[in-house]
Amino acid sequence: VCMTYTTKQGDMHDGISYGLYDTEKYMQNIIENNMQHVGIWIFHSGVDLTVPDTIEEMGSNLPPWRAE
């Protein structure tokens, strides 16, 4: 299940991940769910992103030696 996150001026993928999930490590999941915005480093306000409701829905894209 996914939800929509609407960016604020100055949001970045890692900050969005931290704000939603208390860790930056899911920023790659946010990027992969929003490939139309892959080239944006710093967002303007009002951009709608699709993000998973919970961490459990994302799984881990990290290699075993980087997984927590």
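This is a predicted model: local features need pLDDT of at least 70, side-chain atom pairs count only at pLDDT 80 or more; totals for chains, interfaces and linings use all residues.
Strand β1 spans residues 2-6 and helix α1 spans residues 13-21, while helix α2 covers residues 27-32 and strand β2 covers residues 48-52. Of the 68 residues in the protein, 29% are buried. Among contacts with a separation of 6 or more, 66% are accounted for by residues 24 or more positions apart.

In soluble globular proteins, nonpolar side chains tend to be buried together. In the present model, the largest nonpolar core has 9 residues, namely Tyr-5, Ile-16, Tyr-21, Tyr-26, Ile-30, Phe-43, Val-47, Leu-49 and Val-51. The elements that contribute two or more residues to this core are α1 and β2. Leu-49, a member of the core, touches residues from several parts of the sequence when those up to four places away are not counted: Met-3, Thr-4, Tyr-5, Thr-7, Ile-16, Ile-30, Asn-34, His-37 and Phe-43. Tyr-5, Ile-16, Ile-30 and Phe-43, which are among these partners of Leu-49, are also listed in the core.

A search of the whole structure finds 1 aromatic pair. The ring centres of Tyr-21 and Tyr-26 lie 6.0 Å apart and the ring planes meet at 75 degrees, so the pair is classed as edge-to-face, given that planes over 60 degrees apart fall into that class. Both partners are core residues; Tyr-21 is buried because its relative accessible area is 7%, and Tyr-26 is likewise buried, with a relative accessible area of 9%, the cut-off for burial being under 20%. Tyr-18, by contrast, lies in helix α1 and is partly exposed, with a relative accessible area of 44%. Once neighbours within four places in sequence are left aside, the contacts of Tyr-18 are with Thr-23 and Glu-24.

The loop between β1 and α1 includes Thr-7 and Met-12, and these residues fall into separate accessibility classes. Thr-7 is buried, with a relative accessible area of 3%, and, neighbours within four places in sequence being left aside, is in contact with Ile-16, Phe-43, His-44, Ser-45, Gly-46, Val-47 and Leu-49. Ile-16, Phe-43, Val-47 and Leu-49, which are among these contacts of Thr-7, also belong to the largest nonpolar core. Met-12, on the other hand, counts as partly exposed at 35% relative accessibility. Together with Trp-41 and Ile-42, Met-12 makes a nonpolar surface patch of about 370 Å².

Gly-46, one of the residues in contact with Thr-7, is located in the loop between α2 and β2. When neighbours within four places in sequence are left aside, the contacts of Gly-46 are with Thr-6 and Thr-7.

Note on methods:
Residues are numbered from 1 along each chain as its sequence is written. Side-chain values use heavy atoms; hydrogens and water are left out. Rings of Phe, Tyr and Trp (its six-membered ring) pair if their centres lie within 6.5 Å; planes under 30 degrees apart count as stacked, over 60 as edge-to-face and the rest as tilted. Buried means under 20% relative accessible area, exposed over 50%, partly exposed in between (1.4 Å probe, protein chains only). Patches are made of residues with over 30% relative accessible area and no salt bridge: like charges are joined within 9 Å, nonpolar side chains (Val, Leu, Ile, Met, Phe, Trp, Tyr) within 5 Å. Accessible areas come from the Shrake-Rupley method with a 1.4 Å probe; for residues, only the protein chains shown count as cover. A salt bridge is a side-chain nitrogen of Lys or Arg within 4 Å of a carboxyl oxygen of Asp or Glu. Helices (H or I, at least four residues) and strands (E, at least two) are DSSP runs, numbered from the N terminus. A nonpolar core is a set of buried Ala, Val, Leu, Ile, Met, Phe, Trp, Tyr and Cys residues joined through side-chain atoms within 4.5 Å. Contact means heavy atoms within 4.5 Å.
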